[in-house]
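Subject: Structure handover

Hello,

Here is the structure for you to take over. Please open it first, then read the notes below.

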Amino acid sequence: GDGLALAHVRQPAHFTLLAHDALGGRLLRGGGHFVVEIRGPSSAAHSLCDNQDGTYSCCWSATVTGPYWILVSLAGEPIVGSPFAATAIAPRIDAASSTIEGGLLTVSAGEEGDCYLRFADMSGSRLPATPVDLSLRPVGPSQASRGTTDGFQVGAFEPGAAEADAHRATFTVGRAGVYLLHARLRREQIELTGSPLQVVVMPAAAHAPLCSLGVGASASAVTEQPAGAVRRLALRAFDRFGNACDRGGVPFVAQAEGLHAVTSPMSVRLLDGRDGSYEVLCVGEAAGLYSLKLTLGGQHVKGSPTKLLVKPLDPDPTTSSVSGSGIGRLEAGEEGVVRIDCRDRFGNVVPARPSVRFAVIRPNLPKPGRTPDADSRPEPNATGALLSHTLCGCSLGLGLGACRAGRRAGGELARRRGV
């Protein structure tokens with residue numbers, strides 16, 4: 001057997017003796033008094049077993065490397081070939097007897113995880129650490145399409161204090177997902193028992209420069225919204241590795257301030273979707289330009305600050321006002337000027353524009369000296385005419401002319417669009 005020539009330290013080596021009679025015939029019974037002696041640089045334990053069929057099994061184990069002599073004798077006489085030269089070499093690690101066990105296997109992206117390795121020979125005896133290749137493979141086709149490493153790095157390898165102790169290996173992963181951690185003996189490329197281990201990598205904490213505010217929101221873009229309307233902007237949280245955060249609770253700070261003499265505040269609310277997504281709700285009643293800022297830990301997110309332009313609504317009769325010489329008493333042929341200051345329902349000045357038209361409506365008026373009643377009819381010749389209208393800044397001037405003498409008290413101005 002091989003054990004007559006080669007042995008591994010602390011691993012059993014085997015050989016078999018075959019008994020013959022004086023004529024050279026094989027013996028098929030036991031009872032022979034064979035003696036085995038092993039000499040070398042250190043003592044070597046051995047055993048001899050009679051199989052009762054003419055064969056004898058011998059097992060021996062060397063404690064240190066070096067040359068050994070195996071002496072076999074029967075009845076005090078050496079058998080043919082004895083002594084036999086054997087060599088004990090360093091033990092060989094057996095992958096099936098070596099193991100990998102999980103330590104911290106559920107980690108955040110960039111966080112250090114670890115596993116523990118134990119090495120043994122075929123007999124299960126612990127051996128010193130040997131080079132091992134650790135590799136990571138993503139689970140699932142969607143992750144596999146992104147590559148096999150995804151920021152995987154092997155960190156420190158910390159040998160145990162004794163051979164029987166486990167050896168700690170550390171690693172980090174940058175991309176969130178589920179992975180399989182494989183451990184193989186470097187020389188043989190055979191996986192250890194327990195390999196692969198499942199590793200779960202979760203997104204790390206949100207990182208302001210990679211968090212994104214709204215589609216199209218940027219420092220140079222201006223987003224318009226009507227006064228009093230709710231403007232919704234999407235906000236997405238990402239960690240420093242580009243992983244989309246899948247949990248809420250990120251302490252974003254949202255605020256809006258007026259620009260160019262706009263002093264009225266804008267209402268800003270932040271809704272947490274609890275899945276890494278957020279919605280920014282902005283409501284401004286005062287027309288003007290605002291700067292919306294979204295920060296995390298004092299740093300702006302991507303797209304912040306962004307500009308919001310609140311535009312006035314259509315003119316509202318309840319907040320608009322009239323003034324000028326056309327209000328009150330006019331003499332026949334005299335031109336009256338009425339100036340209308342247009343404002344929306346929030347009091348914002350509405351710039352004059354050609355799409356807004358005004359008209360003068362004269363109600364039924366009694367003849368001079370008569371008391372108004374329900375049947376009164378307008379005096380045919382006491383009519384007013386809209387002679388002209390002029391747009392002037394944020395006000396609109398109307399030129400009125402009285403064609404005939406008569407009272408024009410209470411003349412009503414009404415706004416009509418598209419006329």
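In what sense do strand E19 and strand E22 pair, and over how many bridges? Strand E19 (residues 230-236) and strand E22 (residues 277-283) are antiparallel, with seven bridges. Arg236 has Ser277 in E22 as its bridge partner. Please keep in mind that this is a predicted model.

The pair belongs to an open sheet of four strands, in the order E17-E19-E22-E21, with antiparallel pairing. E17 (212-213) and E21 (267-272) are the edge strands. Each has a single partner strand, so one side of each has no neighbour in the sheet.

The loop between E21 and E22 holds Arg274. Its phi is positive, near 65°. Arg274 is exposed, at 60% relative accessibility. Gln52 also has a positive phi, near 60°. Gln52 lies in the loop between strand E4 (44-50) and strand E5 (55-62). At 54% relative accessibility, Gln52 is exposed. Most residues other than glycine have a negative phi, and most peptide bonds are trans.

Next, the cis peptide bonds. One runs from Ser82 to Pro83, with omega near 5°. Pro83 sits in the loop between strand E7 (77-78) and strand E8 (84-89). Another runs from Ser195 to Pro196, again with omega near 5°. Pro196 is in the loop between strand E15 (177-185) and strand E16 (197-202).

Last, the cysteines. The whole structure has zero disulfides. For Cys59, the nearest cysteine sulfur is that of Cys58, 7.2 Å away. Cys59 is partly exposed, at 22% relative accessibility. Cys342 is buried, with a relative accessible area of 7%.

Best wishes

Note on methods:
Residues numbered from 1 in each chain as written. Predicted model: local features only at pLDDT ≥ 70, side-chain atom pairs only at ≥ 80, totals over all residues. Heavy atoms only, no water. Disulfide = S-S within 2.5 Å. Buried < 20%, exposed > 50% of the residue type's maximum accessible area, 1.4 Å probe, protein only. Pairing = 2+ DSSP bridges. Helix = DSSP H or I, 4+ residues; strand = E, 2+ residues; numbered from the N terminus.
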